[in-house]
Amino acid sequence: MRALITGGSGFVGGRLAAHLAVSGVEVTRVLRKPPANQRPDTFLADIREFTAVRRVFQHARPDVVFHCAMTYGHPTGADDRLESLSTSVIGTANLAEAAAEAGVKRFVHLGSFLGYQPQVRAITESDPIGPLTPRGAAKAAASLWLRQFALANAFPAVELRIFSVYGPGEPPRRFIPSVLRAARTGTILPLLAGPSHDFVFVDDVVDACLRAASFNLTPGSVYNIAGGKAWKNEEVVEAARDVTGRPIDVAVGAYPRKPADEAFWLADISLAAEQLGWKPAHTFHGGLRETFLCPN
């Protein structure tokens with residue numbers, strides 16, 4: 001099998017690429033910028049440019065596409081918002097059009113829980129969109145476009161809506177790396193108390209990607225990929241204390257509030273269990289332990 005991975009040097013994309021390569025899959029990683037260490041399986045292209053995307057498919061001739069690329073973080077200024085939107089929507093559209101031309105067998109799109117309208121219960125795939133952030137809006141717009149394209153053209157695309165993914169290799173500025181770093185170094189952790197997130201270990205996301213690529217699924221299908229439990233920020237800190245055996249001092253209220261942090265996030269993952277045979281293999285404590293033992 002030949003696989004093409006956008007965002008192939010990122011947190012999830014890089015982990016997925018490494019797993020596939022070890023399994024004997026011929027992998028092409030698509031990156032926008034040259035990596036620090038150039039690899040023979042890397043192809044440089046801006047997915048917002050259709051001509052460049054078409055050349056990628058002519059070069060790689062993939063059987064399956066894993067679309068993991070997205071700009072990093074939450075945009076704040078106009079330039080960042082527009083780049084996020086164009087990367088998400090135009091980039092996804094270009095990839096799908098080129099993949100359809102090339103006759104790929106499966107297109108797996110990594111979406112985001114940030115596209116949902118928050119609920120006070122577990123979110124299902126049929127719940128409405130209602131993003132609170134520009135990043136969430138960009139991901140939701142790409143999801144809508146891809147679903148319409150898949151349904152109208154019998155294009156074999158499925159979307160995995162990933163909740164709060166964590167694990168070895170996660171960008172150091174994010175919450176769980178910050179918590180574990182505080183455990184290692186003894187520094188004080190700025191903490192926003194109250195918000196709840198549904199965490200999923202990165203290798204469980206990789207497993208979901210592989211299943212989505214292998215199963216006979218209806219074009220346009222969407223699946224929540226999460227741990228299935230909401231954890232408050234202060235509960236995450238307590239779990240990290242248990243796992244590391246180290247004290248973690250926090251400064252409650254020192255971390256600024258952001259729109260997505262105000263919500264209660266919890267996923268209903270029953271559809272992924274039913275149709276993909278997927279459920280998280282890692283408990284939250286087990287995933288934290290593995291992450292702590294493999295520092296960035």
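Residues are numbered from 1 along each chain as its sequence is written, and side-chain values use heavy atoms, with hydrogens and water left out. Because the model is predicted, local features need pLDDT of at least 70 and side-chain atom pairs count only at pLDDT 80 or more, whereas totals for chains, interfaces and linings use all residues.

The protein chain contains nine helices and twelve strands, where helices (H or I, at least four residues) and strands (E, at least two) are DSSP runs numbered from the N terminus. Its radius of gyration, 19 Å, is close to the 19 Å given by the globule rule for 296 residues, so the chain is as compact as a globular protein of that length; the radius is taken over C-alpha atoms, and the rule is 2.2 Å times the number of residues to the power 0.38. The C-alpha trace spans about 55 × 40 × 40 Å along its principal axes. Of the 296 residues, 52% are buried (under 20% relative accessible area, with exposed over 50% and partly exposed in between; 1.4 Å probe, protein chains only). Among contacts (heavy atoms within 4.5 Å) with a separation of 6 or more, 77% join residues 24 or more positions apart.

Seven strands form an open sheet with parallel pairing, in the order E3-E2-E1-E4-E5-E6-E10, two strands being paired if DSSP finds at least two bridges between them. Strand E3 (42-44) and strand E10 (221-225) are the edge strands, each pairing on one side only, and neighbouring strands are turned by 20° against each other on average, direction ignored. Strand E6 (residues 157-162) pairs with E10 in the parallel sense over five bridges, with isoleucine 162 opposite isoleucine 225 in E10. Helix H4 (residues 134-153) packs on the sheet, where it touches strand E5 (106-112), E6 and E10, and its direction makes about 155° with that of E5. Helix H6 (residues 202-214) lies across strand E4 (64-67), E5, E6 and E10, at about 145° to E5. Axes are lines fitted to C-alpha atoms, for helices over the stretch in contact, and angles run from 0 to 180 degrees between N-to-C directions.

The structure holds zero disulfides, a disulfide being a pair of cysteine sulfur atoms within 2.5 Å. The closest cysteine sulfur to that of cysteine 68 belongs to cysteine 209 and is 5.7 Å away, too far for a bond; cysteine 68 counts as buried, at 18% relative accessibility. Cysteine 294 is likewise in no disulfide, the nearest cysteine sulfur, that of cysteine 209, being 20 Å away, and with a relative accessible area of 39% cysteine 294 is partly exposed.
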